[in-house]
Amino acid sequence: MFICMVVNDALQLTLVTALYVVSYIFRKIHASVCCFLIMTAVLTTRSTPLILAGMALERYIAISFPLHYSQMCTVPRTLLLICIIFLLTAAPPVTDLLITVVKEPPRFFHTSIFCDHSLLFRDRSIYYKNCVFDGMYLSCVALTLIYTYCKIMMTARAASAGLASVKRARNTVLLHGVQLLLCMLAFVVPSLQAALISLFPHLSLEIRYIFFLLVYIIPRFLSPIIYGFRDELFRKYWTRDLVCRSHSIRPM
């Protein structure tokens, strides 16, 4: 699941960065091209919180049920969970496209527009439908986060003999929680962004850019910190390589 999240985040960052650069340079692009970019960006963006929730569930099973872990968390079941996650996250953009195809004239996809979700999928029913989807996803991820990490903390406190291990478990849980909370902004931001742009239309570019940083960029920088620099073996070799580079010495 971590490999899936890394590939998903790399694709997501590539798409949204390309989307923003193209939008700022050309201002208006072909609606069909914009539709492909928007749908893929929405799919990859909303997949990350659900993947993290699945990873939290896997950690809960590994800590709370260690004897049954190998039977419960198998590779086929993990692949099935990944497929379910992508099917769930594909539902909103696919329904957006279907509603737009029904409501808009065929020539709409041959026009040039400023590539934004609210300008591409203009029907008001899409907004209310996405609010329902976002509320469902937000509730599921939040409940999974609270339940699994509370159980992990209780198990870690009961099983730990020293204070250092408890502190390390608490810090890891805190970092995971921050990352999940930042990624869960993807479920809230579309509605909040549309409301703010309607109130302050002259600041639409600034509002989009701020939400772009908060939702798409910052949460992806936490993954290397949580899964890379906190790993003892990786940190050992990274620190040694950094020291050798500072002294112009190549490690053997």
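Me: How many helices and strands are there in the protein?
Reply: This is a predicted model, in which local features need pLDDT of at least 70, side-chain atom pairs count only at pLDDT 80 or more, and totals for chains, interfaces and linings use all residues. Residues are numbered from 1 along each chain as its sequence is written, and side-chain values use heavy atoms, with hydrogens and water left out. Helices (H or I, at least four residues) and strands (E, at least two) are DSSP runs, numbered from the N terminus. The protein has 10 helices and 2 strands.

Me: Where in helix 4 does the kink lie?
Reply: Helix 4 covers residues 75–103. The bend at a residue is the angle between axes fitted to the seven residues ending there and the seven starting there. In helix 4 a kink of about 35° comes shortly before the proline P92, at A91.

Me: Is S47 buried or exposed?
Reply: Buried means under 20% relative accessible area, exposed over 50%, and partly exposed in between (1.4 Å probe, protein chains only). S47 is found in helix 2 (residues 31–64). Because its relative accessibility is 0%, S47 counts as buried.

Me: Which residues does S47 touch, not counting residues up to four places away in sequence?
Reply: Contact means heavy atoms within 4.5 Å. In helix 4, the buried residues include I85 and T89, and S47 touches both. With residues up to four places away in sequence not counted, the residues touched by S47 are N8, I85, F86 and T89.

Definitions and conventions
The expected span of a helix is 1.5 Å times one less than its number of residues.
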